[in-house]
Amino acid sequence: MIDFFKLRNDMIKYQLISRGIKDESVLKIMGNLPREDFVPETVRKNAYNDSPLPIGEGQTISQPYMVAIMTELLKITKQDVVLEIGTGSGYQTAILSRLCKTVHTVEINENLLNYAKGNLNKIGCKNVFFHLSDGKKGIREHAPFDKILVAAAPENIPNELTLQLKNGGKMTIPVGNRFEQELIVIKKNNNSILKRSLFSVLFVPLI
Ligand code: SAH
């Protein structure tokens, strides 16, 4: 029997806290969420590895640290309406949903969207709206958003996403090609955009 409880606590200590994740609510939520239930049976034993893992359809669940830092940077509050691009397994979605009022999550692959719906239903997630569409376009009907988290890398920041960000809002997004990307944090104030590049990352491409 694998002790997932211990593996999860170790992930919090050695992958998140030791690298500087401080947000207590992010740590608490990730410490209580069974990541092993968001990956296929074949990689379940590796659920707490310090890396991304395959979830089928050529896609991956992001590394725990990447999920944590992108979430922490957004400083999500209970009033926030959040747009997530790239639902994948629904793991990141679950974390966002526990921090905010509503999540609109967009996935382009129908099989993965259904996989995520199943995963999120099992844990009783009720404030998530699922959209099968191209995330580059955002979701005009529900814009503007307080926060936007993009979990796949475009070569350039899609204009529609900055347009759909509220003034005072924040977005975290990996930007670059298949070989070189950086994690960007965007702040929007008075309709002007402030961009900050944090560090190198490697996400699947936003297609
Ligand atoms: N956050 C996810 C990981 C997502 S991997 C998790 O926790 O599991 C990136 C996801 O983005 C993949 O599922 C991929 O299908 C999706 N994707 C790629 N291009 C997209 C696009 N243009 N619009 C919406 N989703 C896209």
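This is a predicted model: local features need pLDDT of at least 70, side-chain atom pairs count only at pLDDT 80 or more; totals for chains, interfaces and linings use all residues.
A residue is called buried when its relative accessible area is under 20%.

In soluble globular proteins, nonpolar side chains tend to be buried together. Here, the largest nonpolar core holds 46 residues, and Leu 16, Met 30, Tyr 91 and Ile 95 touch the most other members. Two or more residues come from each of H1, H2, strand E1 (53-56), H3, H4, helix H5 (110-122) and strand E8 (181-189). The greatest share is that of H3, which supplies eight residues. Tyr 91 makes contact with Met 11, Met 30, Leu 33, Arg 35, Phe 38, Ile 61 and Val 67, when neighbours within four places in sequence are set aside. Another core, of 17 residues, lies apart from the largest one; Leu 83, Ile 148, Leu 165 and Val 175 are among its members.

Next comes the sheet. Seven strands form an open sheet with mixed pairing, in the order E5-E4-E3-E6-E7-E8-E9. Strand E5 (128-132) and strand E9 (192-201) are its edges, each pairing on one side only. On average, neighbouring strands are turned by 15 degrees against each other, direction ignored. E8 and E9 are paired in the antiparallel sense over eight bridges, and Lys 187 has Leu 194 of E9 as its bridge partner. Finally, H5 lies across strand E4 (102-107) and E5, and runs at about 165 degrees to E5.

Methods:
Residues are numbered from 1 along each chain as its sequence is written. Side-chain values use heavy atoms; hydrogens and water are left out. A nonpolar core is a set of buried Ala, Val, Leu, Ile, Met, Phe, Trp, Tyr and Cys residues joined through side-chain atoms within 4.5 Å. Buried means under 20% relative accessible area, exposed over 50%, partly exposed in between (1.4 Å probe, protein chains only). Helices (H or I, at least four residues) and strands (E, at least two) are DSSP runs, numbered from the N terminus. Contact means heavy atoms within 4.5 Å. Two strands pair if DSSP finds at least two bridges between them. Axes are lines fitted to C-alpha atoms, for helices over the stretch in contact, and angles run from 0 to 180 degrees between N-to-C directions.
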